[in-house]
Amino acid sequence: MLEQQQKHTFVRSMSALSKREKWILLVPVLLLLPVFIWAGYWEWFQPEDWKKILESNKVWQKILPMIFPLGLFAIVQGGIQWLHRSSKLVIDGTGVFLEWPSESIFAKWKFLQKRFAWTDVKRARYVLSSQGVVLLSKTNSILWTIRLKDWKFSSVEPTQYAIKPAEIDLLGVFRELDIFEDASNEPGQFDLMKHPVTRSILLGICVLLVYCFFDLMIQQEGWAFFNFDYLLPHVIFAALATLLLARVASMANKRQPPPKGITAFLLVLASFSFLVTSYVVGIRINQFAGGPLILAEYHRDDKCENLIPVHKSLPVVEYTHKTKDYWCSREVDEAQTVKVRKGLFGHYQFDLGEQTQAIRDYKKKT
């Protein structure tokens, strides 16, 4: 253990945001970007639409409650990182402390400081994958992760060191304390991208979701309904695929299996991706294995929200309230030609490309 009078001080190694901090702040933007790409592809918003949005108080009353949590998250996260720029990490024979210089206004805010006495440390681990030191408290189960690359050596007291100043680093000081246990594959210390099983599952999920996104952008047909009967085959497929993946994952690496909690979480994500992929691929299967695409006669209903088929065996075309103005501009007895396909197991799907384009042209004129 360090001698009682020996005190090492470390300061933040970077004045700018770290790569991890930048990614955290970019998360809200990355989540919203696909929405804007999708909206632009379908021409949901035109330049004049943006002008109307900016000039409408009612629209902002609806949008602001959705934007506020994301903005608050970014401000709070950025503020926390900015506060920690001037902090210092002090290690001595009594414990490890996160403090602010005495001249800093934040030095008075006790709740910002962290203090771990060595007598209160239940467990201390050095995690090679994340290059960090993990400390767990005995009394309140608080977990403190200290990343080594975030800190650089500043000073040590007294001036008579046991080692040269240039050789002092954070990990060396912790090793001198002799408090580490061997790192194990616990969820908080596991690197998903370094284990072959979890890495393969993650990459597979990404490939499936990317395919679904682009396939939905280019396809012309869609299911006639979104109900339990249409969803049941995809639920069954997702369940079977998830069970098969769980079996393969359990057999892939028996010598060093990933943590069960992480594996279970990845399997849940995989099951969701299987469900979405099955729903999207099912449309393609219906196009090749189902019946022909026929032209059927429809008429709008009195509420201007649905298209009712002349032949009662065909499904109703349901539209949202946003298209009401267009359908009300068409006469009730005006025939609307809709492309319909009866697919496998009697599941119908539509090709509403012509109707969608007509609605877009109408909105541009109005």
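Is R284 buried, partly exposed or exposed? R284 counts as partly exposed, because its relative accessibility is 22%, where buried means under 20% relative accessible area, exposed means over 50%, and partly exposed lies in between (1.4 Å probe, protein chains only).

The model is predicted: local features need pLDDT of at least 70, side-chain atom pairs count only at pLDDT 80 or more, and totals for chains, interfaces and linings use all residues. Residues are numbered from 1 along each chain as its sequence is written, and side-chain values use heavy atoms, with hydrogens and water left out.

## The sheet

Six strands are arranged as an open sheet of 6 strands in the order β9-β14-β13-β10-β11-β12, with antiparallel pairing. The edges are taken by β9 (221-223) and β12 (317-318), each with a single partner strand, so one side of each has no neighbour in the sheet. Strands and helices are DSSP runs, numbered from the N terminus (strands: E, at least two residues; helices: H or I, at least four residues). Two strands are taken to pair if DSSP finds at least two bridges between them. In general, strands of a sheet pair through backbone hydrogen bonds, either parallel or antiparallel.

β10 and β13 run antiparallel and are joined by 6 bridges. Within this pairing, E297 stands opposite T337 of β13, and L295 stands opposite K339 of β13. The pairing of β10 with β11 is antiparallel with 3 bridges, and Y298 stands opposite P309 of β11.

Helix α7 (residues 260-289) lies across β9, β13 and β14 and runs at about 115° to β9. The angle is taken between N-to-C directions on a scale from 0 to 180 degrees, with axes being lines fitted to C-alpha atoms, for helices over the stretch in contact.

## K339 within β13

K339 is found in strand β13 and is partly exposed, with a relative accessible area of 26%. Leaving aside neighbours within four places in sequence, K339 is in contact with L293, I294, L295, Q349, F350, D351 and E354, where contact means heavy atoms within 4.5 Å.

## Two hairpins with positive phi

The hairpin of β10 and β11 has 5 residues between the strands, and C304 in the turn has a positive phi of about 60°. C304 counts as buried, because its relative accessibility is 4%. The hairpin of β13 and β14 also has 5 residues between the strands, with F345 taking a positive phi near 60°. F345 lies in the loop between β13 (336-342) and β14 (348-351), and counts as exposed at 75% relative accessibility. Most residues other than glycine have a negative phi.

## Salt bridges

A salt bridge is a side-chain nitrogen of Lys or Arg within 4 Å of a carboxyl oxygen of Asp or Glu. By this rule the count comes to 4 salt bridges, including those in the table.

| Salt bridge | N to O distance |
|---|---|
| D215 and R284 | 2.5 Å |
| R341 and E221 | 2.8 Å |
| R330 and E334 | 2.8 Å |

The side chains of D215 and R284 meet in a salt bridge. D215 lies in helix α5 (residues 196-218) and R284 in helix α7, so this pair ties together parts that are 69 residues apart in sequence. D215 counts as buried at 4% relative accessibility.

A salt bridge also links the side chains of R341 and E221. R341 belongs to strand β13 and E221 to strand β9, so the pair ties together parts that are 120 residues apart in sequence. R341 is buried, with a relative accessible area of 9%, and E221 counts as buried at 8% relative accessibility.

In the pair of R330 and E334, R330 is partly exposed with a relative accessible area of 27%, and E334 counts as partly exposed at 26% relative accessibility.
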